[in-house]
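Me: I'd like a close look at one part of this structure: how its side chains pair up. Please go slowly, and spell out the terms as you use them.

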Amino acid sequence: QRRVRGNASLPMGMVPTILWTAVWLAVCHTYLGYRGIRASNAGSEDVLNVNLCHAIVAAMVGVWSLVRPGTTVWADPMFGQDIFVQHAGQITVGYCLVDLWLVGISVGRSMFQYAIFHTIILFAFGLYLMNGTGVAGVAIGMAGEVCVLGIHANRLGDRHGLWKSRFGMYVTLEICTTSAMVLCKIIGLGWVAARGCMAVYQLGPGHDWILTLQAAMCAIAALMNLNICKPWLLDAFADACTMIELWSAQCSKKPEP
């Protein structure tokens, strides 16, 4: 089996990536200007609000890249060529460059784990744009931003006190967010890692070191997400049980005569 590069050449792929970097830089400065602060004075909340802008775009693009007619993600997850996913990768690489710059000059070590995750994403998506392999990892990774949207919604709802009077809405959001995390960032990336390992085994580990690295990164990402998701699953289960108990108590109340 021969790998065919379908992402043109690196210089051609860099042009839209640079343009998207400029777009996300403009979004970042627009938000900071609205807040009336400099990038060096941005806090973790500001970083997350800029991240929300990307999560909205990435979630829509990622989900569409998986379900749109003619997608090659499912048929050939490692060697398939999909121009739409290529554009999706350029969007996120451009964002990660701006995001890591903002974290580096503002909050620094207080968002170290966040920066590590986005460095991994930048590296993985950059390898896809350079080598043309790992299309499914990019598509599923971006579709996984649906769970990031849930995290942001939970963050904003908690900040505005929305969940104090709407516990049922909070539990529903928590279950949906956890389900998206399990489906995309654990099962999805685990499937990509397995297919990548099969390709590496068939071709030989020395045939394409980038493909080997991509398979390893997908496996590591899936395991890291599994470790993150464990308390989420426990919390979602406990909150769901609490919600069922509340509903049962309300239903068992006899109406007053």
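Reply: Let's start with the salt bridge, which is a side-chain nitrogen of Lys or Arg within 4 Å of a carboxyl oxygen of Asp or Glu. Keep in mind that this is a predicted model, where local features need pLDDT of at least 70, side-chain atom pairs count only at pLDDT 80 or more, and totals for chains, interfaces and linings use all residues. As for bookkeeping, residues are numbered from 1 along each chain as its sequence is written, and side-chain values use heavy atoms, with hydrogens and water left out.

How many salt bridges does a search of the whole structure find? Five. Let's walk through some of them.

Take Arg-68 and Asp-82: they form a salt bridge whose closest N and O atoms are 2.5 Å apart. Both residues sit in the loop between α2 and α3 (83-105), so this pair ties together parts that are 14 residues apart in sequence. (Helices here are DSSP runs of H or I with at least four residues, strands are runs of E with at least two, and the numbering goes from the N terminus.) Are these two buried or exposed? Arg-68 has a relative accessible area of 17%, so it is buried, and Asp-82 is buried as well, at 3%. The cut-offs: buried means under 20% relative accessible area, exposed means over 50%, and partly exposed is in between, using a 1.4 Å probe and protein chains only.

Next, look at Glu-45 and Arg-155, whose side chains meet in a salt bridge at 2.5 Å, N to O. This pair links distant parts of the chain, with Glu-45 in helix α2 (residues 44-67) and Arg-155 in helix α6 (residues 145-159), 110 residues apart. Glu-45 comes out at 28% relative accessibility, so it counts as partly exposed. Arg-155, on the other hand, has a relative accessible area of 16%, which means it is buried.

Lys-185 counts as buried at 13% relative accessibility, and so does Glu-145 at 9%. Some salt bridges also share partners: that joins Glu-45, Arg-155 and Arg-159 into one network.

Now for the rings. The whole structure has five aromatic pairs. Rings of Phe, Tyr and Trp (its six-membered ring) pair if their centres lie within 6.5 Å; planes under 30 degrees apart count as stacked, over 60 as edge-to-face, and the rest as tilted. One of these pairs is Trp-74 with Trp-191: the ring centres are 5.5 Å apart and the planes meet at 40°, so the pair is tilted. Trp-74 lies in the loop between α2 and α3, while Trp-191 lies in helix α7, so the pair ties together parts that are 117 residues apart in sequence. Trp-74 is partly exposed, at 45% relative accessibility, and Trp-191 is partly exposed too, at 27%. Elsewhere, Trp-20, Trp-24 and Tyr-95 make up one aromatic cluster.

Val-63, Trp-64, Val-67 and Val-146 form a nonpolar patch with about 350 Å² of accessible area together. Patches are made of residues with over 30% relative accessible area and no salt bridge, where like charges are joined within 9 Å and nonpolar side chains (Val, Leu, Ile, Met, Phe, Trp, Tyr) within 5 Å. The areas themselves come from the Shrake-Rupley method with a 1.4 Å probe, and for residues, only the protein chains shown count as cover. The largest share of this patch, three residues, comes from α2. Val-63, which is found in helix α2, counts as partly exposed at 36% relative accessibility.

Finally, how far can you trust the picture? That's where pLDDT comes in: it is the predictor's confidence in each residue, from 0 to 100. The chain averages a pLDDT of 86, and 93% of the residues score at least 70. Over residues 1-12, though, pLDDT stays under 50, and the model has 18 contacts beyond four places in sequence for that stretch. (A contact means heavy atoms within 4.5 Å.) Where pLDDT is low, the predicted coordinates should not be read in detail.
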